[in-house]
Every structure is written in structure tokens, then in C-alpha cells.
Amino acid sequence: MDFLNTNTGQNNFNNPNGGHTAIYIDDRPINNVEGRMTVSGSLMQNIGDPGFNTLDEPIKTTIMRDLKAVGMKFKHVLYLKEKNTLLKEWDLWGPLMLCTFMAMVLQASPDSIQVGDGGPEFAEVFVIIWIGSVIITLNSKLLGGTISFFQSVCVLGYCLLPIVIALILCRFILIFEQTNFLFFIRFAISIGSFLWATYASVVFLGDSQPQGKKALAVYPIFLFYFIMSWLVLSHTV
């Protein structure tokens, strides 16, 4: 009796699996040992499929799919027609991009530091956004919220989009010589972005809070976006 016996078969050339090695234990074949691993193209059609595999797809395809997903989440924040996608298919790529952009634009230049402008540093903006999101999420969980930690951080980060748009518009207005009228425009843009960001986050996160405690959950969100809008309005260089 051979414990392990390999045999390619007598009719190797007529066998469609010719060249494969069969393993025999107690003279009974077990399985063919393949020399390569392939993934059927039908399994790669949908991300939700159990057999979906991204190892064999081009890097460009992966990047474009992720960017498209981030863009769809930005659209949901601006139009507020579909909130389940942002909660179920959460990610942190969008919040990271928005946070990095705001930190780069809001950071104080060396000249402004010398004249006492008092603008925030890159790390300060980064810490305010991420620590603020974590505190709001912990507050929500302590109040009995049903949303997960990373879902909440995802929503809070994506809802910074209106404030980022306001930052771009205010930065453009600062190109011109500043007057009271232009300051009023910047003020109106900042207030509008603050209200939209707060409203969007409440729409996404409101249903996850128990009845009677929604006000306690909304207050830190209100304060968080107010601080970010104030940084946009106070940015003058």
C-alpha cells in the first residue's frame, strides 16, 4: 500500500487535464493539483459578489472605482436624496482628502506668522477635524446611538464638503481688494455652508439616535461645524 502515490494516468495525451498530477492515498485519487490560480471573469463583475477579487484587475481600474465611489458620496451630501449608501458603504478616503485640502489652504504662511495673523498650522487643522469627529462619535455612542464608529466618522468627514466649497469661494474672493460688501459675501457663504453641513450630518445621523436624546447628539455636531466655518471666515491670507 502506498501512502502517497502520484500518477499522471495512462492516457495522458487523451486526457483534457493532461499534465496535472493526481494524488492517491490508499490507491484512491483525491484532487488534481493545479499549477496556477485563476479567477473567472464573471466573478469580478460586481463588488458585492462573494467571489469578487481585485487582485487580478489593473491598478487604474481599482483607483477609478474608488474615486467614483467617493464622488457618489459627495453627490449624496450635496443633494441628500440617498443616505443609505453613505452609511452602508462607508470609507475614509473622502474625509481624508477634504481634511488634507482644508489643512493645506488654512495653514498660515511664514509671512502671516510674522505679522501676527494667527492662522492655524497644518497639524492643528488636521487634529481639530479628526479629534472633533472622534469626540462627536463617542458622544453619539454614549447616548445610545446605533451607528458604528467608522460610519459616524465617515459621515462627519463627508459633510465637510459644503465648508470646503465655501473655503474655495472665500479664497477666490480674497484675491480682490477687501471691502465691507465682500466681507458680507464671505460671511453669507460661510454661514450657508455651516447650515448645510450641519443639516446634512443630522439627516444622515439623526435616525441612529434614540428619541429624546437627539438634541444632545446634535449640539456637538453644531459646534464642530461652527468652528470649521469660523476658520474659513477668519482666513484672510
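Does proline 95 count as buried or exposed, and at what relative accessibility? In this predicted model, proline 95 counts as buried because its relative accessibility is 3%, which falls under the 20% limit for that class. The residue is found in helix H3. Proline 95 and valine 153 are separated by 58 residues in sequence, yet their C-alpha atoms are 8.3 Å apart in space. Both Pro95 and Val153 also belong to the lining of the largest cavity, which is described below.

The chain as a whole contains nine helices and three strands. Their order from the N terminus is β-β-β-α-α-α-α-α-α-α-α-α. Of its 237 residues, 32% count as buried.

A search of the whole structure for cavities of 30 Å³ or more returns one. The space in this largest cavity amounts to about 40 Å³. Its lining consists of Pro95, Cys99, Ile129, Trp130, Ser133, Val153, Gly157 and Leu160. Helices H3, H5 and H6 are the elements that contribute two or more residues to this lining, and H5 gives the most, with three residues. In terms of residue class, six of the lining residues are nonpolar and two are polar, while none is charged.

Helix H6, one of the contributors to the cavity lining, is itself mostly covered, with eight of its 10 residues buried. The buried positions in H6 are Gln151, Ser152, Val153, Cys154, Val155, Leu156, Gly157 and Tyr158. Among them, Val153 and Gly157 line the largest cavity.

The largest nonpolar core comprises 35 residues. Within this core, the residues with the most contacts are Met102, Ile129, Leu160, Ile163, Phe224, Tyr225 and Met228. Two or more core residues come from each of H1, H3, H5, helix H6 (149-158), helix H7 (161-173), helix H8 (180-205) and H9. The largest share is that of H9, which supplies six residues.

Ile128, Ile131, Gly132, Ile135, Ile136, Pro220, Leu223, Phe224, Ile227 and Met228 form its lining. Helix H5 (122-142) and helix H9 (214-234) are the elements that give two or more residues to this lining. By class, the lining has nine nonpolar residues and one polar residue, with no charged residues.

The unreviewed UniProt entry carries the annotation "transmembrane region" for residues 122-143, 155-175, 181-204 and 216-233. In the model, the span 122-143 is 95% helix and 0% strand, and its end C-alpha atoms lie 32 Å apart. The span 216-233 is 100% helix and 0% strand, with 26 Å between its end C-alpha atoms.

Lysine 214 is placed in helix H9. Its relative accessible area is 32%, so lysine 214 is partly exposed; this class lies between the limits of 20% and 50%. Lysine 214 and leucine 143 are 71 residues apart in sequence, with a C-alpha to C-alpha distance of 8.8 Å. Tyrosine 199, found in helix H8, likewise counts as partly exposed because its relative accessibility is 48%. The C-alpha atom of tyrosine 199 is separated by 9.7 Å from that of isoleucine 221, which is 22 residues apart from tyrosine 199 along the chain.

Charged side chains were examined for pairing. One salt bridge is present in the structure. It joins the side chains of lysine 73 and aspartate 91, with an N to O distance of 3.1 Å. The two residues are 18 residues apart, and the pair links distant parts of the chain: lysine 73 belongs to helix H1 (residues 59-79), whereas aspartate 91 is in the loop between helix H2 (84-88) and helix H3 (93-106). Lysine 73 and aspartate 91 are both buried.

Methods: Residues numbered from 1 in each chain as written. Predicted model: local features only at pLDDT ≥ 70, side-chain atom pairs only at ≥ 80, totals over all residues. Heavy atoms only, no water. Salt bridge = Lys/Arg side-chain N within 4 Å of Asp/Glu carboxyl O. Helix = DSSP H or I, 4+ residues; strand = E, 2+ residues; numbered from the N terminus. Buried < 20%, exposed > 50% of the residue type's maximum accessible area, 1.4 Å probe, protein only. 1 Å grid on protein atoms, 1.4 Å probe; cavity = no way out; pocket = protein on both sides within 12 Å on 5 of 7 lines; lining within 4 Å. Nonpolar A, V, L, I, M, F, W, Y, C, P; charged D, E, K, R; others polar. UniProt positions renumbered as here; feature names shortened; annotations may be inferred. Core = buried A, V, L, I, M, F, W, Y, C linked by side-chain atoms within 4.5 Å. Points joined across faces, edges and corners; volume = space filled by probe spheres on them.
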